[in-house]
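Student: I would like to learn how to read the strands and pairings of a model such as this one. Could we go through the features one by one?

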Amino acid sequence: MDEASRIAPLSDIPADSTLLFTVREGFDKVEVICIELEDSVAAWRNYCQHWTDVRLDKGSGAYVRDGEIVCEKHGAYFEGNSGLCTLGPCEGAVLNDVDVAVEDGDVYLTDERYEFAHIGPSGEYDLSSGGRIDFAGN
Ligand code: FES
C-alpha cells in the first residue's frame, strides 16, 4: 500500500469510539468514520440514514456500543461491520461504506473513489450547530 493512502495507526482508533478522517472525492471533501472490529476495520461516510444532513460524528468520535455505532441525534444504532441500522428511526437502512484495510498495524484507504486528505473533520461544517433542528426541537 502506498504512503499517500495511509490514514493512521490502528491503535489510534478508540475502543469505544471511531476515528474521523476526511477524503477527497473530486473537488469535494467527504468525512469518514472508521471503527475497529474484532479482526478488521470498517469505515462509513459520516452521515446518518435518518437525516442525511446530520453527521454521526461531531468531530470527536461517534459513540460505539457493543460494536455498533450510535447516532447522537436520535440514537439510531448501526452495525459496525455491515452499516445496517438495527434500531431507531431508520431501521433497515445501511450506511455508505468506504473501503479501508489494515497492513502492518496501519489503516489504509483502499477505496478507488476517494483520496485520503487528512485526519479530523473536513472543516466544511459548523461544528457548533449540532446539526439541524426539527419543529419538535429534536
Ligand atoms: S439523525 Fe440519526 S437517528 Fe435521527
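**Reading the strands**

Tutor: In the hairpin of β2 and β3, where two residues lie between the strands, G26 takes a positive phi near 65°. This is a predicted model, in which local features need pLDDT of at least 70, side-chain atom pairs count only at pLDDT 80 or more, and totals for chains, interfaces and linings use all residues. Residues are numbered from 1 along each chain as its sequence is written, and side-chain values use heavy atoms, with hydrogens and water left out.

Student: How many helices and strands does the chain have?

Tutor: Helices (H or I, at least four residues) and strands (E, at least two) are DSSP runs, numbered from the N terminus. Here the chain has zero helices and 12 strands.

Student: How many bridges join β2 to β3?

Tutor: Two strands pair if DSSP finds at least two bridges between them. In this model strand β2 (residues 19-25) and strand β3 (residues 28-36) run antiparallel and are joined by seven bridges, and F21 has V32 in β3 as its bridge partner.

Student: Which residues does β4 span, and in what sense does it pair with β3?

Tutor: Strand β4 covers residues 41-45 and pairs with β3 in the antiparallel sense over five bridges. The two form a hairpin with four residues between them, and the bridge partner of E36 in β4 is V41.

Student: What should I keep in mind about side chains along a strand?

Tutor: In a regular strand the side chains alternate between the two faces of the sheet.

Student: In which order do the strands of the open sheet stand?

Tutor: Three strands form this open sheet, in the order β1-β11-β10, with antiparallel pairing. Because β1 (6-9) and β10 (100-103) stand at the edges with a single partner strand each, one side of each is left without a neighbour in the sheet. With axes taken as lines fitted to C-alpha atoms and angles running from 0 to 180 degrees between N-to-C directions, neighbouring strands of this sheet are turned by 30° against each other on average, direction ignored. β1 and strand β11 (residues 106-109) pair over three bridges, and P9 has D106 in β11 as its bridge partner.

Student: What share of the chain is buried?

Tutor: Buried means under 20% relative accessible area, with a 1.4 Å probe and protein chains only. Such residues make up 41% of the 138 residues in the chain.

Student: And what share of the contacts joins residues at least 24 apart?

Tutor: A contact means heavy atoms within 4.5 Å. Among contacts between residues at least 6 apart in sequence, 53% join residues at least 24 apart.

Methods. Buried means under 20% relative accessible area, exposed over 50%, partly exposed in between (1.4 Å probe, protein chains only).
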